[in-house]
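Please take a careful walk through the model shown below, beginning with a single helix and moving on to a sheet and to aromatic rings.

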Amino acid sequence: MSLNKPKTWKVLLVSLAAALSFSILSACSGKAENAEDTGTAVATYEGGTITAKEFELDQKIMKFLNPQQAQYLEIEAFREPVLKQEVAFEYLSGKASSEAKKEAEKEVDIEIEKMKKELGEGYESTLKEQGITEDEIRAYMVRILTVYQDMMLKVTDEQVKTEFEATKGDFTVATLRHVLIGLTDASNKERSKEDALKLANEVKTKLEGGADFAATVKEYSDDTASKEAGGEYKDKNLGTFVEEFKKTAQTLPLNTISDPVETSFGYHILKVESRTERTFDQLKAEEKEAIKSSLATKSLESFMEKEIEGIVKSINLPKSSAAPEEKGGANNGAAATPAPTAAATQEAPAATAAAE
């Protein structure tokens, strides 16, 4: 769980991996081999339909908002889960409160202006190139955020406190240093897990023998985000780190050198220099808001897992034009996603998450 304040318009719920698992566990009937008419309903649900044209437009907008994850939308296995996610947003936005919609519209106005500023003179040409309009982007974002804001408004203060107690270790503040021995070296050459572990143990031995931590980081670490700071992450909530890293940082005795800690990024050697537990009353307002955001996301994930199948009446999704080239593509696509160089921090991708 990331405790940095999320951008609500990009915390959009169901990771592609989770969505895919829901699809595998409970597939809808009525898949079509062909549905070329853009007016054809590709999904029918309680109270409405999504046409082929509407779904195509939503995918274009997803790709515009998050080009890094556009590859997933070309993978056949992910198309039905993404369509069901779109059904969920259509269905839930129709039941959301007017207050939620007003809040969503305010935030979308802000985010549209940010996009215009970031893209500058290229904003209009980029939209034209993608075959979408600002009004279409706005409508899409308002729909998504209306659902999200509605879920946020339903979270109570008591639920926030309960969630904090269940995850309070994530809010412990620590200053720590680490050396990352990655699965690719500084020259971008792949390194086997065996070689990475061997080197990590060598680094541990050096540090235990009294080697300067910052100098060792400079020589060995593959974490570009902390290398110039001597491997230091200062006064960070431990919940901002990936699970294996976090657990070690929560329990490692102060000022001792850890055994190599394996994460998806490679092997880390940690030293925790300070660690302070916090109470609920010590949380900042944005941290409490982040808990509320997490609870809203969990509610939406629960809806996707437990309720969407009862709302979807039929799926009539044509084969993707990319489908013939996808033998084994789902796994290849997932593996191809580049890992961030700030190896200790985490932020899970979402199917409709927008680009930074």
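Helices here are DSSP runs of H or I with at least four residues, and strands are runs of E with at least two, numbered from the N terminus. This is a predicted model, in which local features need pLDDT of at least 70 and side-chain atom pairs count only at pLDDT 80 or more, while totals for chains, interfaces and linings use all residues. Residues are numbered from 1 along each chain as its sequence is written, and side-chain values use heavy atoms, with hydrogens and water left out.

The buried residues of H2 are Ala52, Phe55, Asp58, Gln59, Ile61, Met62, Phe64 and Leu65, where buried means under 20% relative accessible area, exposed over 50% and partly exposed in between, with a 1.4 Å probe and protein chains only. Among the elements that cover these buried residues are strand E1 (41-45), strand E2 (48-51), H3 and helix H4 (98-119), contact meaning heavy atoms within 4.5 Å.

Elsewhere, four strands form an open antiparallel sheet in the order E4-E3-E6-E5, two strands being paired if DSSP finds at least two bridges between them. Its edge strands, E4 (232-237) and E5 (261-263), each pair on one side only. Strand E3 (residues 173-182) and strand E6 (residues 266-276) run antiparallel and are joined by ten bridges, and the partner of Leu180 in E6 is His268. Helix H9 (residues 213-220) packs on the sheet, touching E3 and E6, with its direction at about 35° to that of E3; such angles run from 0 to 180 degrees between N-to-C directions, along lines fitted to C-alpha atoms, for helices over the stretch in contact. Helix H10 (residues 243-251) also packs on the sheet, where it touches E3, E5 and E6, and its direction makes about 40° with that of E6.

What aromatic pairs does the structure hold? There are five, rings of Phe, Tyr and Trp (its six-membered ring) being paired if their centres lie within 6.5 Å, and counted as stacked with planes under 30 degrees apart, edge-to-face over 60 and tilted for the rest. Tyr91 and Phe303 form a stacked pair, 6.2 Å centre to centre with 20° between the planes. Because Tyr91 lies in helix H3 (residues 76-93) and Phe303 in helix H11 (residues 285-306), this pair ties together parts that are 212 residues apart in sequence. Tyr91 is buried at 14% relative accessible area, and Phe303 is buried at 5%.
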